[in-house]
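Visitor: I would like to learn how to read a model like this one. Please take me through it feature by feature.

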Amino acid sequence: MYNFLLEHILLPLGDLINGSSYIKQLKLWRKIDTYSERDLNALQIKNLQAVLQEALQNVPYYKNLEVSSEKEVNLNDFPIIDKNIIRTEVDQLISNRYQKKKLIPYSSSGSTGTQTTVYMTKQEQSVLRGILTHWWEWSGYKIGKPIVQTGITPQRGFLKTIKDKLFRTIYINAFSHTHDQLKNVCEKVQRSSNFFFAGYASSLNVIAEYAIENKYNITSKGVISLGDKLFDHYKKNIKKAFKAKTYDTYGSNEGFMIAAQDDLDYYYMLSPHVFVEIVDDDNQPIKDGEIGHIVVTRLDCFSMPLIRYKIGDLGVKLPIDEYPIKRKYNYPLLKKVVGRETDIVLLPDATKLVVHSFTGIFEYIKEIKQFKVIQNDKSGIIIEYIKSSTFEETALKRAEKELRNYIKDNKFSIIFKEVSSIASSKSGKPQIIESRLKNE
């Protein structure tokens with residue numbers, strides 16, 4: 001009954017007053033979920049052509065391209081852009097049909113050291129909000145169900161406070177968990193089995209670890225991960241603490257809701273909303289199944305079209321011949337998101353070690369509480385670590401032995417450095433690997 005009141009009366013009224021279309025978008029994506037592969041492909045092509053035509057005709061940055069707008073436009077005729085281009089050419093990337101001062105700014109976290117700001121209309125913002133809620137629905141969530149949400153805007157303000165009350169949301173700061181805060185949340189959710197969790201993977205893990213350590217008996221309806229990397233040991237802790245499956249999502253604050261999990265370990269890419277390319281270091285396309293740079297084009301934003309945006313992440317598309325016979329939706333599949341472009345260790349033979357190469361080892365070495373890998377050059381790495389209460393020197397030897405299974409070059413140095421604290425990235429998110437290589 002409460003869900004009906006929200007979805008059919010209060011929220012549509014809010015959309016009418018605000019000039020947004022949140023509920024309309026939510027219903028649209030429920031419908032798109034039922035499309036056939038053929039219909040999804042056709043819709044993606046249609047949306048792609050519309051946004052490319054808009055760019056060529058009305059966006060200053062693209063108007064000088066030697067591309068005809070009177071025929072089907074080839075995406076490859078457009079240059080790949082990056083965060084630096086968005087920062088320096090932001091005004092040239094906004095369509096002449098819109099006024100910048102009337103658009104809504106969206107800023108990235110700046111976790112790579114470069115913060116970017118993009119702009120969109122209320123309608124384009126509604127697309128993102130509709131998709132986000134719909135992804136949550138894949139976990140079984142319905143609007144109005146009690147939910148614990150972690151995020152980075154603890155100062156909620158009037159409108160956000162009203163939203164939290166309507167959506168029955170307990171909102172907590174994702175990157176600054178106090179004992180009292182964690183205790184309060186765990187005691188509240190322990191009294192009910194109707195709660196969902198949604199938020200940054202790292203903060204969900206902190207809550208889970210606290211619940212396990214203090215023996216809280218929590219049964220959640222579902223857990224939605226967003227914002228940062230969902231490591232395997234996070235998933236194990238969350239499942240143990242909340243007795244629920246974790247549904248991972250992948251997007252960016254520049255206005256992309258790229259992919260999410262449901263019935264598979266793979267990620268469904270929202271092809272009518274985003275066109276995803278995977279390219280090598282020279283920006284050339286690579287085969288599905290190979291790791292490369294993720295390049296995205298948003299297909300439903302015309303005020304500031306972002307075309308072939310190199311988002312700063314590495315990922316792998318699943319080859320079509322490996323698609324499961326039975327899957328819930330007909331969207332194309334992303335095999336995995338490896339992480340940031342700086343989340344790799346490069347060996348002298350050009351082999352790349354990703355975050356999981358390290359977390360898969362250290363999650364079993366309980367004597368080390370926290371670690372971070374730093375690479376200054378291709379001759380070796382430094383591993384900063386914080387001791388646990390059970391630390392023994394043999395733990396370092398075990399870690400190095402396991403790492404040598406990946407690192408065959410004995411000249412490649414592995415130096416362990418004990419520290420009292422490990423700083424997070426500028427966004428507040430944990431950073432397992434910090435690569436300081438330049439143009440390697």
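This is a predicted model: local features need pLDDT of at least 70, side-chain atom pairs count only at pLDDT 80 or more; totals for chains, interfaces and linings use all residues.

Visitor: How many helices and strands does the chain have?

Guide: Helices (H or I, at least four residues) and strands (E, at least two) are DSSP runs, numbered from the N terminus. Here the chain has 12 helices and 19 strands.

Visitor: What does the radius of gyration say about the chain?

Guide: It is taken over C-alpha atoms, and the globule rule is 2.2 Å times the number of residues to the power 0.38. For 440 residues, a compact globule would come near 22 Å; the chain has 23 Å, which agrees. Along the principal axes, its C-alpha atoms fill a box of roughly 65 × 55 × 45 Å.

Visitor: What share of the residues is buried?

Guide: Buried means under 20% relative accessible area, exposed over 50%, and partly exposed in between (1.4 Å probe, protein chains only). In this chain, 52% of the 440 residues are buried.

Visitor: And which share of the contacts joins residues 24 or more positions apart?

Guide: Contact means heavy atoms within 4.5 Å. Of the contacts with a separation of 6 or more, 63% are between residues 24 or more positions apart.

Visitor: Now packing. At what angle do H9 and H10 pack?

Guide: Axes are lines fitted to C-alpha atoms, for helices over the stretch in contact, and angles run from 0 to 180 degrees between N-to-C directions. Under 35 degrees is roughly parallel, over 145 roughly antiparallel, 65 to 115 roughly perpendicular, and the rest oblique. H9 (residues 201-213) and H10 (residues 232-242) pack at about 45 degrees, with axes 8 Å apart. That makes H9 oblique to H10.

Visitor: Which residues meet there?

Guide: From H9, they include Leu 204, Ile 207 and Ala 208. From H10, they include Tyr 234, Ile 238 and Phe 242. By class, this contact has 10 nonpolar, four polar and two charged residues. The classes are nonpolar (Ala, Val, Leu, Ile, Met, Phe, Trp, Tyr, Cys and Pro), charged (Asp, Glu, Lys and Arg) and polar (the others, Gly among them).

Visitor: How do H8 and H9 cross?

Guide: The axes of H8 (residues 179-190) and H9 come within 10 Å and cross at roughly 75 degrees. H8 and H9 are therefore roughly perpendicular to each other. His 179, Leu 182, Lys 183 and Cys 186 in H8 meet Val 206, Ile 207, Tyr 210 and Ala 211 in H9. That contact divides into six nonpolar, one polar and one charged residue.

Visitor: Let us zoom in. What does Lys 236 touch beyond its neighbours within four places in sequence?

Guide: Lys 236 lies in H10 and is partly exposed, at 44% relative accessibility. Beyond those neighbours, Lys 236 contacts Glu 363 and Tyr 364.

Visitor: What is the phi of Lys 243?

Guide: Most residues other than glycine have a negative phi. Lys 243 is not a glycine, yet its phi is positive, about 55 degrees. Lys 243 sits in the loop between H10 and strand S7 (246-252). With a relative accessible area of 43%, Lys 243 is partly exposed.

Visitor: Where is Asn 283?

Guide: Asn 283 is in the loop between strand S10 (274-279) and strand S11 (292-298). Asn 283 has a positive phi of about 65 degrees, though not a glycine. At 29% relative accessibility, Asn 283 counts as partly exposed.

Conventions. Residues are numbered from 1 along each chain as its sequence is written. Side-chain values use heavy atoms; hydrogens and water are left out.
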